[in-house]
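Please read the following briefing alongside the sequence and the coordinates.

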Amino acid sequence: MAVTIKSEHEIELMREAGRILSIVHDEMAKVIRPGISTMDINRRGEEVINSYGCIPSFLNYRGYPASICISVNDEVVHGIPSKKRILQEGDIVSLDAGVIYKGYHSDAARTHAVGEISEEDQRLIDVTKQSFFEGVKMARAGNHLFDISKTIQDYAEGHGFSVVREMVGHGIGQKLHEEPQVPNYKPIGRGMKLRPGMTLAIEPMINKGAKDIWILDDDWTCVTRDSQNSAHYENTVLITEGEPELLSYNKDLA
Ligand code: MF3
Ligand code: CO
């Protein structure tokens, strides 16, 4: 299926999906503390999603067994919540969530500190988030898709970190994953020209050590090969005639 250009009405629905998702993230951020299980965070996320009459888009997606992907420390993405996985002081935890509002998706991820963390892990979290904000500056009509990719890569690598290759961002709309793929590194070529009405989930996954990853035997959890920590940051973004609009981001919330 080709890239979809959203109508003003569709954009309105995606704005609402994104607005709700920013609240879901803010509410989940509030319960993070040493001693809480990743299942408790999943439950809180689900509760907030349901309270807005939305559907958690990850639940049962290709058999994924939960509503929120919760990835601790060396887990890059797609960690499965568990009541046995208890967060410890000094951990970093990535929360990735998606909601469906009236048939339209939003998708966003945040990485949080659990209590006091090392300066290096804080830098990893900050650089990952900023790599998104650097990349999104290029998300403008007339630019090429890989302008975003290269900007993210240059920022992350310029700070001494590495970019996961196997997993990428994506178009989003009536489906969670639409065309185009949005890599966080620069592949060969320039990528498609961006047009107003395109909606993209831009989601850098940045490793402290080497870029290599593998998937655990649960067939979901993606971890770094060298067991060093990894961070993730994502928003659903609308390409406009001017500045990109961050649908799942509210600067006053988490
Ligand atoms: N945000 C992720 C993505 O964009 C999570 C989806 S994986 C799921 O692909 F299976 F958990 F849904
Ligand atoms: Co995504």
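A disulfide is here a pair of cysteine sulfur atoms within 2.5 Å, and by this rule the count comes to zero disulfides. This is a predicted model, in which local features need pLDDT of at least 70 and side-chain atom pairs count only at pLDDT 80 or more, while totals for chains, interfaces and linings use all residues; side-chain values use heavy atoms, with hydrogens and water left out. Residues are numbered from 1 along each chain as its sequence is written, and chains are lettered from A and ligands numbered from 1 in the order in which they are written.

**Cysteines**
- The closest cysteine sulfur to that of Cys-54 belongs to Cys-69 and lies 17 Å away, which is too far for a bond.
- Cys-222 likewise takes part in no disulfide, the nearest cysteine sulfur being that of Cys-69 at 11 Å.
- Cys-54 is buried, with a relative accessible area of 4%, where buried means under 20%, exposed over 50% and partly exposed in between (1.4 Å probe, protein chains only).
- Cys-222 is also buried, at a relative accessible area of 0%.

**Cobalt site**
- The cobalt ion (ligand 2) is coordinated at 2.0 to 2.2 Å by Asp-107 (OD), His-170 (NE2), Glu-203 (OE) and Glu-234 (OE); donors are N, O and S atoms within 2.8 Å of the metal (3.2 Å for Na, K and Ca), and because water is not among the atoms, sites may look incomplete.
- The donor residues of the cobalt ion (ligand 2) follow the sequence spacing D-x62-H-x32-E-x30-E.
- Asp-107 in strand β5 (residues 104-113) and Glu-234 in the loop between β13 (230-232) and β14 (235-238) link distant parts of the chain, 127 residues apart, with strands taken as DSSP runs (E, at least two residues) numbered from the N terminus.
- Asp-107 counts as buried at 2% relative accessibility, and Glu-234 counts as buried at 0%.

Notes
Helix = DSSP H or I, 4+ residues; strand = E, 2+ residues; numbered from the N terminus.
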